[in-house]
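These exercises are to be worked with the sequence and the 3D structure open side by side.

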Amino acid sequence: MAGLRVVVVGGGAVATRRVPALLDAGADVLLVAPELTPALRAHADAGRLRWAPRRFVADDLDSAWLVQVAIDDPTAADEVSAAAAERRIFCVRADDRTAATAWTPAVTRYGPVTVAVHGGGDPRRAVTVRDAVRTLLHARTGPLLTDSPERAPLATRNGGTGQVFLVGAGPGDPELITLKGWRLLSEADVVVADRLVPGLLLDELRAGVELVDASKIPYGPSRGQEEINRILVDRALAGAFVVRLKGGDPYVFGRGGEELLACAAAGVPVTVVPGVTSSIAAPAAAGIPVTHRSVAHEFTVVSGHVAPESPDSLVRWDALAGLRGTLVILMGLKNLPSITSTLLAHGRAAGTPAAVVQEATTGGQRIVRSTLGEVADAVIAAGLRPPAVVVVGDVVEALV
């Protein structure tokens, strides 16, 4: 349907479901309806489709290749069908499939693969079969992907440059990786993984995948960033499909920008797949919203891996102390006493609610609630350890 005219008659819930797939296919969509749902109005306002704010007239079908009737008035729908039949245009009827000359299949997508199920005109049967196919694709139990030359193991490639995907694995729960991230992981030849990556994701890798442990243990031994960059570039130049799997989001204190620059300098194509960042997920898992009406209209995320008094620190802790909103500190457990004392020294109230969330979204999650003046001691008393996220602000008590 790319570039072809499709007319959608109706602006309600059915049209809201049907239009996105047409836009994704690149269709030239004309939407005819006196009123639209907010979602459809957003598409119209953004210029992704044209909207005729009135009732349907037969001339709307001029130059059309397909018409979708998304109204529940049988008389009006029959009028559209008749105009389509006169012009020999296929017509999909949401209200009466027996009156239609075409049906919308049940569709599932897995990367470049699209499967459409007809079901003999029975929408329930089509959906049931579609769901079974989707389960099969996601389980990777069939030959569809593994026999594809594009996704063949590295040893069987014909050479040429591969590609690198910087994928955010989320805050710890393996189910919080995005669908795109999970799919790319399932297709990878090489996976370069950080320490904070959920272990169950690695357990599901297909046979023959090269797993490179790029762990960066806090305050302990680590593999240099230059070595990680070298591995990404070397494997991709050898023709591999490389996934750089990083905890949280690649661009939130994850050095994703450095890795992208290294690949770009070597001529390696890179795609960034965002992940759920712990700066928001950890507070949420602890029942803390980073913003809340009438409590906090802003939140700031900073790294605490460098102490405030260090000349290497790029954080304006004095300015942060003067903010009224939420302060989220990543990698700050070691320097928490120094951080809290600095905030207090620059005017943040000692009684400001504070919390620390250890290993958020996992079975090891622990939460300590305290105040800015006492949270550093509370963390030591509780024996909390990294990874942990510190939250400072009135939102800590917003839902308590």
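**Exercise 1. In which loop does Pro 387 lie?**

Solution. Pro 387 belongs to the loop between H13 and strand S17 (388-392), where helices (H or I, at least four residues) and strands (E, at least two) are DSSP runs, numbered from the N terminus. The peptide bond that leads from Pro 386 to Pro 387 is cis, with omega near 0°.

Before going on, note that this is a predicted model, in which local features need pLDDT of at least 70 and side-chain atom pairs count only at pLDDT 80 or more, while totals for chains, interfaces and linings use all residues. Residues are numbered from 1 along each chain as its sequence is written, and side-chain values use heavy atoms, with hydrogens and water left out.

**Exercise 2. State the confidence of the model, and find a stretch where pLDDT stays under 50.**

Solution. The protein chain has a mean pLDDT of 90, and 93% of its residues reach 70 or more; pLDDT is the predictor's confidence in each residue, from 0 to 100. Over residues 146-158, however, pLDDT stays under 50. For residues 146-158 the model has 20 contacts beyond four places in sequence, a contact meaning heavy atoms within 4.5 Å.

**Exercise 3. Describe how H8 packs against H9.**

Solution. Two packed helices are described by the angle between their axes and the distance between the axes. Helix H8 (residues 225-237) and helix H9 (residues 256-265) pack at about 45°, and their axes are 9 Å apart; the axes are lines fitted to C-alpha atoms, for helices over the stretch in contact, and angles run from 0 to 180 degrees between N-to-C directions. H8 is therefore oblique to H9, given that angles under 35 degrees count as roughly parallel, over 145 as roughly antiparallel, 65 to 115 as roughly perpendicular and the rest as oblique. Next, list the residues: H8 contributes Gln 225, Ile 228, Asn 229, Leu 232 and Val 233, while H9 contributes Glu 258, Glu 259, Ala 262 and Cys 263. Sorted by class, this contact of H8 with H9 has five nonpolar, two polar and two charged residues, where Ala, Val, Leu, Ile, Met, Phe, Trp, Tyr, Cys and Pro count as nonpolar, Asp, Glu, Lys and Arg as charged, and the others, Gly among them, as polar.

**Exercise 4. Which residues form the aromatic pair, and what parts does the pair tie together?**

Solution. The structure holds one aromatic pair. Phe 165 and Phe 241 form this pair, which is tilted, with 5.0 Å centre to centre and 35° between the planes; rings of Phe, Tyr and Trp (its six-membered ring) pair if their centres lie within 6.5 Å, and planes under 30 degrees apart count as stacked, over 60 as edge-to-face and the rest as tilted. Because Phe 165 lies in strand S8 (residues 163-168) and Phe 241 in strand S11 (residues 241-246), the pair ties together parts that are 76 residues apart in sequence.
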